[in-house]
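Colleague: Could you walk me through how the helices and cores pack in this one?

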Amino acid sequence: MSNYLNAIRGYGTLIISLWFFAESCKNQNMSTNTLEKTRSEQWMEDIAFFESEFIEQAKTYTDSSRAATKKPLAGLKKAVDELSDLQIQLELSKAVVMADNGHTSLPLPLQERIPLRFYRFSDGIHVVKTDALATPYLGAKLLKVNAMDVDTVERALFPYVSGTESWKKFKTLGLITAPKILHALELGKKDSIALRLVKGKDTLDVTLAAQNVERDRSWFEAWADLYPIQDEESPWTFLKGKIETHPLYLKHAEEGVFHTFDEQEKIAYFQINSFWQKCPDIKVSIKVFHEILKTKRDYNVVFDLRFYTGGNYGVFTQLATKSPKIINDDQKIFLVLSDKTYSAGIVTAARIKHYAKDKLVIVGESVGDRLRFWAEGKAITLPHSKVKIYSAQKEHDWEHNKRSFFKTHRANYLYGVAAKNLDIDQEIKLGFHDYMENNDPVWEWIVSQSR
């Protein structure tokens with residue numbers, strides 16, 4: 001038996017050694033083949049791969065948009081030698097955007113950016129975070145980028161950004177600080193950006209160079225620049241410090257999932273945002289919220305999803321289902337939304353509306369996508385450039401809850417509802433003055449309706 005086992009082990013070792021040898025040869029051949037091909041040949045193969053593996057198979061194109069997307073590729077192939085790698089990626093991104101779905105996207109490569117971060121308020125775009133040297137510009141309003149109106153620059157970027165117009169506006173706030181991207185689109189210099197800002201009565205014309213400032217937020221977390229990071233080693237300076245002075249929607253935002261009960265106003269508040277994964281146990285948090293709510297059935301409920309940009313909506317299903325059943329019939333559920341409510345945020349909002357029924361009041365701004373969209377992306381990597389594209393594979397219909405066996409996301413057979421719409425009952429946008437004065441006009445309006 002021992003000899004038999006030794007023979008088996010020896011045979012297994014031989015097989016593994018041969019496999020590693022074959023893989024090594026294959027990788028070596030691939031590397032050699034890649035080195036032998038010119039840059040132009042590599043991009044030509046990548047574009048052909050993009051056409052066959054993405055455009056032909058992407059589920060979010062219509063027949064007409066697929067045909068329209070293919071046409072510019074012929075011209076792109078001819079222009080490869082005249083374009084930079086970034087310009088080629090931008091053209092491929094433009095083709096992806098024609099699929100007309102926010103989750104079908106080609107993320108542009110990370111770029112060095114000027115050391116200013118912006119937020120869009122109802123009355124304009126303002127600087128809310130800088131590095132230590134750019135602090136004089138904190139609070140300034142952005143008027144022009146490279147001598148062009150902000151709106152002109154944003155519109156020039158829109159064709160390269162997936163999603164609805166409101167979602168594009170959110171994403172482009174990061175792109176307008178990246179000189180190489182603007183340069184690739186012939187909108188400015190390669191290493192710097194010229195800005196016109198206004199602060200108080202002063203107009204400031206400044207040119208800032210691109211640099212790498214660490215510990216920055218991801219673009220989908222950019223809303224969190226509204227409050228300071230509690231980190232003494234952070235290289236960033238914020239427009240407003242002292243987190244304890246911020247209104248409720250910002251004061252505990254870093255926790256991702258937060259709830260509290262306002263005894264004076266008789267309001268139960270539950271917030272979910274981009275950092276939801278920081279919550280150690282979401283199910284426990286929801287259970288605790290419901291247990292306390294059972295003792296306060298005469299409270300109105302606020303679900304604040306204004307910064308919930310997406311994630312695992314399955315963990316919040318009980319929040320939407322049980323809460324309306326706990327409170328008294330004459331109480332209200334206020335649902336707070338914004339253009340940054342997206343993906344799983346929209347799903348959670350749709351379920352809250354469905355179960356809250358006549359108790360619901362929607363406050364804030366319209367969400368960042370349609371109620372019918374495709375998600376659950378499949379990553380496709382181009383062989384030479386390694387450019388990654390995300391192709392949404394499953395359909396979501398939170399408008400009518402129509403299902404198709406081969407299209408619908410499987411979880412929606414369990415969780416799907418027909419919300420019809422998420423129309424705003426009371427539109428309220430955050431103004432710069434509100435922000436500076438530590439006011440939350442959404443909360444103030446809800447309190448006025450609860451009294």
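Colleague: At roughly what angle do the axes of helix α9 and helix α10 cross?
Modeller: Happy to start there; this is a predicted model, where local features need pLDDT of at least 70, side-chain atom pairs count only at pLDDT 80 or more, and totals for chains, interfaces and linings use all residues. Residues are numbered from 1 along each chain as its sequence is written, and side-chain values use heavy atoms, without hydrogens and water. The axes (lines fitted to C-alpha atoms over the stretch in contact, with angles from 0 to 180 degrees between N-to-C directions) of α9 (residues 282-293) and α10 (residues 317-326) come within 10 Å. The two helices are therefore roughly parallel (under 35 degrees), crossing at roughly 5 degrees.

Colleague: Which residues of α9 make the contact?
Modeller: Contact means heavy atoms within 4.5 Å. On the α10 side are Gln318, Leu319, Lys322, Ser323 and Ile326. From α9 come Ile286, Phe289, His290 and Leu293.

Colleague: Is α4 mostly covered or exposed, and how many of its residues are buried?
Modeller: Buried means under 20% relative accessible area with a 1.4 Å probe, protein chains only. What covers the buried residues of α4 includes α2 (39-55), α3 (63-78) and β14 (388-397). The helix is mostly covered, and its buried count is 10 of 13.

Colleague: How many residues has the largest nonpolar core?
Modeller: Such a core joins buried Ala, Val, Leu, Ile, Met, Phe, Trp, Tyr and Cys residues through side-chain atoms within 4.5 Å. Phe50, Leu92 and Leu195 are among those with the most contacts inside the largest one. Helix α4 (residues 85-97) gives its largest share, six residues. The core's total is 84 residues.

How values were computed
Buried means under 20% relative accessible area, exposed over 50%, partly exposed in between (1.4 Å probe, protein chains only). Helices (H or I, at least four residues) and strands (E, at least two) are DSSP runs, numbered from the N terminus. Angles under 35 degrees count as roughly parallel, over 145 as roughly antiparallel, 65 to 115 as roughly perpendicular and the rest as oblique.
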